[in-house]
Amino acid sequence: MTILHIDSSISGENSASRRLTRSIVGQVKSAAGGEIVYRDLAADPLPHLTLDAFADTAVLDEFLAADTVVVGAPMYNFTLPTQLKAWIDRLAVAGRTFRYTDNGPEGLVKNKRVIVALARGGFYGVGSPAAALEHLETYLRGIFNFIGVEPEFVAADGLAIGPEQREQSISEALGETLRLAA
Ligand SMILES: Cc1cc2nc3c(=O)[nH]c(=O)nc-3n(C[C@H](O)[C@H](O)[C@H](O)COP(=O)(O)O)c2cc1C
């Protein structure tokens, strides 16, 4: 059992998504044991994708080798941090994680649990004024579905509204992480 732990927030110890991924990884490990592989995309960023970088499959191999992948995903400018996008760019590889068939694209990643911890400054629920600007959860669900994975999400929202809302949202999301480990 290998747990791949990915963080991408630039906010260090003040990061909500880092608090959530730490809790999720702790829960998953206490439930199933195993080895943790940690990748901090803010401290140790991957370069933008180039053809040469595409030929290096180390990041993809690390992803494929993991049984459970826990991803910290803060919302920046209505979508994912570029650091996290650079990681995703190395996962979507034709012939490894997806292929095109006569019936359309087919995801090739099987038997992998992916849990995403979202941290967003505002609220983006269906019907809310900002819903059309939500390009973080929708993007991550889309790309993981594309490669064959149904991701699970834990979200802390409204984090920029004020300190009380922030603490309440983080504490509710931390409560959700307990349910994920079940
Ligand atoms: C550079 C930057 C851009 C942000 N852009 C958005 C945004 O577009 N929408 C939003 O709701 N919150 C935005 N926020 C607020 C973050 O989503 C919020 O602070 C969240 O806690 C970030 O996750 P983290 O605490 O793990 O870093 C932004 C924050 C930063 C630092």
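Lys85, Trp87 and Ile88 in helix H4 meet Tyr139, Leu140, Ile143 and Phe144 in helix H5, where contact means heavy atoms within 4.5 Å. By class, this contact of H4 with H5 has 6 nonpolar, no polar and 1 charged residues; Ala, Val, Leu, Ile, Met, Phe, Trp, Tyr, Cys and Pro count as nonpolar, Asp, Glu, Lys and Arg as charged, and the others, Gly among them, as polar. This is a predicted model, in which local features need pLDDT of at least 70 and side-chain atom pairs count only at pLDDT 80 or more, while totals for chains, interfaces and linings use all residues. Residues are numbered from 1 along each chain as its sequence is written, and side-chain values use heavy atoms, with hydrogens and water left out.

**Helix H4**

- Helices (H or I, at least four residues) and strands (E, at least two) are DSSP runs, numbered from the N terminus.
- H4 and H5 pack at an angle of about 10°, and their axes are 12 Å apart. That makes H4 roughly parallel to H5, a term for angles under 35 degrees.
- The axes are lines fitted to C-alpha atoms, for helices over the stretch in contact, and angles run from 0 to 180 degrees between N-to-C directions.
- Helix H4 spans residues 82-89 and is largely enclosed by the rest of the structure, because 6 of its 8 residues are buried. Buried means under 20% relative accessible area, exposed over 50%, and partly exposed in between (1.4 Å probe, protein chains only).
- The buried residues of H4 are Gln83, Leu84, Ala86, Trp87, Ile88 and Asp89.
- Their cover includes strands E1, E2 (35-40) and E3 (68-74), together with helices H2 (51-55), H3 (58-65) and H5 (137-146).

**Loop between E1 and H1**

- Ser8 sits in the loop between strand E1 (2-7) and helix H1 (16-32), and is buried at a relative accessible area of 0%.
- The side chain of Ser8 reaches the backbone oxygen of Gly72 at 2.8 Å. A polar contact is a pair of N or O atoms within 3.5 Å; within protein, one must be able to donate a hydrogen and the other to accept it, and residues adjacent in sequence count only if both atoms are side-chain atoms.
- Leaving aside neighbours within four places in sequence, Ser8 is in contact with Arg18, Leu41, Ala42, Gly72, Ala73, Pro74, Pro81 and Leu84.
- Ser11 is found in the loop between E1 and H1, and is partly exposed, with a relative accessible area of 39%.
- The C-alpha atoms of Ser11 and Ala42 are separated by 8.9 Å, with the two residues 31 apart along the chain.

**Aromatic pairs**

- The structure holds 6 aromatic pairs; rings of Phe, Tyr and Trp (its six-membered ring) pair if their centres lie within 6.5 Å, and planes over 60 degrees apart count as edge-to-face.
- Phe98 and Tyr100 form an edge-to-face pair, at 5.5 Å centre to centre and 80° between the planes.
- Phe98 is buried at 8% relative accessibility, whereas Tyr100 is exposed at 61%.
- Phe63, Trp87 and Phe144 are linked into a cluster by ring pairs.

**Positive phi**

- Most residues other than glycine have a negative phi.
- Asn77 has a positive phi of about 50°; Asn77 lies in the loop between E3 and H4 and is exposed at 72% relative accessibility.
- Asn111 has a positive phi of about 55°; Asn111 lies in the loop between strands E5 (104-107) and E6 (113-119) and is exposed at 77% relative accessibility.

Methods:
Parallel < 35°, antiparallel > 145°, perpendicular 65-115°, else oblique. Phe/Tyr/Trp six-rings, centres within 6.5 Å; stacked < 30°, edge-to-face > 60°.
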